Amino acid sequence: MLTTRQRAAIRWTALLAVLPLTGCAGAAQSSTAAGPRQDAAQAPAQAPAQAPAAAVEPPRNGATTKGATPELKLLEWFAGSWTCKSKNNPPVGKPYTSTLKATGAFELSGNWFVWNSQEQPGPQVPHPVAFKGVWGYDAPNKRYVTSHFDSTGIRALQYGAGWKGDVLDLTEGTLFLREGRPQPFREIFTKTGPDSFTDDMRFQMGGTWHTIIVADCKRDR
């Protein structure tokens with residue numbers, strides 16, 4: 001029987017990536033003892049404070065493809081905001097539905113296509129999960145490579161040759177759980193219209209592939 005974390009992992013695998021760097025980092029705090037009090041006349045002169053340099057933020061929109069290879073530019077169709085309705089059929093437990101909000105955009109001068117996704121809370125999803133997916137292109141091996149991370153500490157790595165018509169099949173995949181052995185899976189994206197696609201997740205258990213989740217995604221207007 002799957003553990004609670006493994007069941008959460010199965011739900012995660014359908015949510016684009018989705019893959020997919022999300023987490024919280026604790027902030028360190030420190031304190032120093034106050035030194036002897038000085039009169040204003042005794043206090044050493046201080047140089048005027050310098051204004052901090054303005055942070056340079058890379059463009060965060062789907063049209064930023066300056067550094068993208070021709071293969072990565074084929075992912076531009078995914079750029080934008082999406083809402084996905086997911087039908088989940090876990091191997092253990094009852095079927096249920098869920099909703100995901102996702103955005104896809106090129107980042108870092110167009111060298112990576114990044115998904116940021118958030119599962120929506122609901123009666124069947126009391127603890128929604130956040131996801132980040134980073135898609136790139138492995139030119140020497142002529143294949144797409146995707147890395148996915150979620151807010152529970154689970155990650156995944158996938159590979160695929162690319163589009164074949166309206167189908168993007170990430171045929172090689174491994175899901176790395178925080179407990180237990182890595183699990184093989186594959187993900188199939190299929191364009192169903194100018195502004196819609198399905199995401200079909202197939203999870204391997206006992207040497208047999210099972211279609212456990214099908215997400216129907218539509219572009220937000």
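A residue is called buried when its relative accessible area is under 20%, exposed when that value is over 50%, and partly exposed in between. By this criterion, 39% of the 221 residues of the protein count as buried in the structure, which is a predicted model. The accessible surface of the protein amounts to about 13000 Å². Carbon and sulfur atoms account for 54% of this surface.

The protein contains two helices and twelve strands. Read from the N terminus, the order of the elements is α-α-β-β-β-β-β-β-β-β-β-β-β-β.

Strand β2 spans residues 96-107 and strand β3 spans residues 112-119, and L108 lies in the loop between them. L108 is not a glycine, yet its phi is positive, at about 50°. S109 is found in the loop between β2 and β3 as well. For S109, which is likewise not a glycine, phi is positive with a value of about 60°.

The accessibility of each of these residues was also computed. L108 has a relative accessibility of 53% and therefore counts as exposed, because the cut-off for this class is over 50%. S109 has a relative accessible area of 43%, so this residue is classed as partly exposed. The value for S109 falls in the range between the cut-offs of 20% and 50%.

Technical notes:
Residues are numbered from 1 along each chain as its sequence is written. This is a predicted model: local features need pLDDT of at least 70, side-chain atom pairs count only at pLDDT 80 or more; totals for chains, interfaces and linings use all residues. Side-chain values use heavy atoms; hydrogens and water are left out. Helices (H or I, at least four residues) and strands (E, at least two) are DSSP runs, numbered from the N terminus. Buried means under 20% relative accessible area, exposed over 50%, partly exposed in between (1.4 Å probe, protein chains only). Accessible areas come from the Shrake-Rupley method with a 1.4 Å probe; for residues, only the protein chains shown count as cover.
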